[in-house]
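Please examine the sequence and the structure shown below.

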Amino acid sequence: MVKTIIRCMMLRSLPMSIATVLMGCACATLAGNLDPTSAILCLLFAPVAQITANLYHVYRDQKCRYGENIDRGIADMKYGDISLEQLLREAYRAFGILTLTLGLTIILFAPIMGCIFGTLLLLAIYLNSAGPYPLCRSPWNIVITFLFFGPLGVIATSYVQAVHGTGTPPGMIVDLAPAFFAGICMGCFAVNSLIFHDYRTYEENVNNDKRTFCVVFGKRNTAFVFFCNSAVIFFISLYICITYHFHNVYWAMVVPLICTIYNFWLGVHAVKDTGKMNTPWENLINWNMLLYALSGFIEFHFFGLPEDALFRYF
């Protein structure tokens, strides 16, 4: 039972949400707005929320018989008197309570942004896996992935730290500008992870009548988008380095260059390989995103402004 729940959490995808929050913290650091308390809360909230969404997705698949659980080899499993559907329902509700608890705490730091982002997140989780036309079974899935792992997630994290539990300070648009550009990079990373998975599971998606981006637009166009996203990540990274006057652009671009080379290497091997790539390299696609965010956090820490937050004891 526990192994099934852990498997349905899709833990390999968690580096994506952690990377999004970490990049938001990096952008807050660049503007001198890093707030450790709200940063830690966001780092706890993001993976728990993603686990909730993953469990809800698997639950809806079991309930509606879409076929993914059959491909995973867990469909219709029973654990004593408990069916898989009941197990997944209780699991996503339990993690949903944890997500709500952390979310309400974050709302104390940024009431308006917290309520807006929380409402959009709940709506996205529901529309992505439930309703008459789930977005996860359509090409529009990449839009939700791009927005929440990209600009929305990064800007929201940076904003929560910038307000420092007070009203919106002047110059907020200037402070959030790096988060917008960095959010585009993170969104491209997340979309690459999604369409790469769809590319590798093309036959299964066709059999399950799942109209993913790859199924609708074909493998060639999907590979083209993958390579374009990889190039966008590199050039936006270069723009950030030049715009914010990093002391040494060449050293600052080392990690983005490594991440770009890896993306292109992975894309080329995916196109050439007609079968499954059961190698550790394929599993590192989400860790590539986390490496990029971690390097950004370290670089922005050295090149950013000093923290300007006021001490608040209560």
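This is a predicted model: local features need pLDDT of at least 70, side-chain atom pairs count only at pLDDT 80 or more; totals for chains, interfaces and linings use all residues.

Phe 146, Leu 147 and Phe 148 of H7 are in contact with Pro 151, Leu 152 and Gly 153 of H8. Five of the residues in this contact are nonpolar and one is polar, while none is charged.

How are two such helices to be described? Two packed helices are characterised by the angle between their axes and by the distance between those axes. Helix H7 comprises residues 141–149 and helix H8 residues 151–163; their axes come within 3 Å and cross at roughly 20 degrees. Because angles under 35 degrees count as roughly parallel, H7 is roughly parallel to H8.

From its first C-alpha to its last, H8 reaches 18 Å, close to the 18 Å expected for its 13 residues at 1.5 Å a residue. Is H8 largely enclosed or largely open? Eleven of its 13 residues are buried, so H8 is largely enclosed by the rest of the structure. Among these buried residues are Pro 151 and Gly 153, both of which also take part in the contact with H7. Others include Val 154, Ala 156, Tyr 159 and Val 163.

H13 has 19 residues, 254–272, which should span 27 Å at 1.5 Å a residue; the end C-alpha atoms are 27 Å apart, so the expectation and the model agree. The buried residues of H13 are Val 255, Pro 256, Cys 259, Thr 260, Tyr 262, Asn 263, Leu 266, Gly 267 and Ala 270. These residues lie on the same side of H13, because they cover an arc of only 160 degrees around the axis. On the face of H13 turned away from the buried side are the exposed residues Ile 261 and Lys 272.

A single residue, Cys 64, may be considered next. Cys 64 belongs to helix H3, which covers residues 36–64. With a relative accessible area of 29%, Cys 64 is partly exposed. Cys 64 and Ala 130 are 66 residues apart in sequence, and their C-alpha atoms are 9.2 Å apart in space.

The protein has 15 helices and two strands. Of its 314 residues, 52% are buried. Among contacts between residues at least 6 apart in sequence, 77% join residues at least 24 apart.

Technical notes
Residues are numbered from 1 along each chain as its sequence is written. Side-chain values use heavy atoms; hydrogens and water are left out. Helices (H or I, at least four residues) and strands (E, at least two) are DSSP runs, numbered from the N terminus. Buried means under 20% relative accessible area, exposed over 50%, partly exposed in between (1.4 Å probe, protein chains only). The expected span of a helix is 1.5 Å times one less than its number of residues. The arc is that of the directions from the helix axis to the C-beta atoms. Axes are lines fitted to C-alpha atoms, for helices over the stretch in contact, and angles run from 0 to 180 degrees between N-to-C directions. Angles under 35 degrees count as roughly parallel, over 145 as roughly antiparallel, 65 to 115 as roughly perpendicular and the rest as oblique. Contact means heavy atoms within 4.5 Å. Ala, Val, Leu, Ile, Met, Phe, Trp, Tyr, Cys and Pro count as nonpolar, Asp, Glu, Lys and Arg as charged, and the others, Gly among them, as polar.
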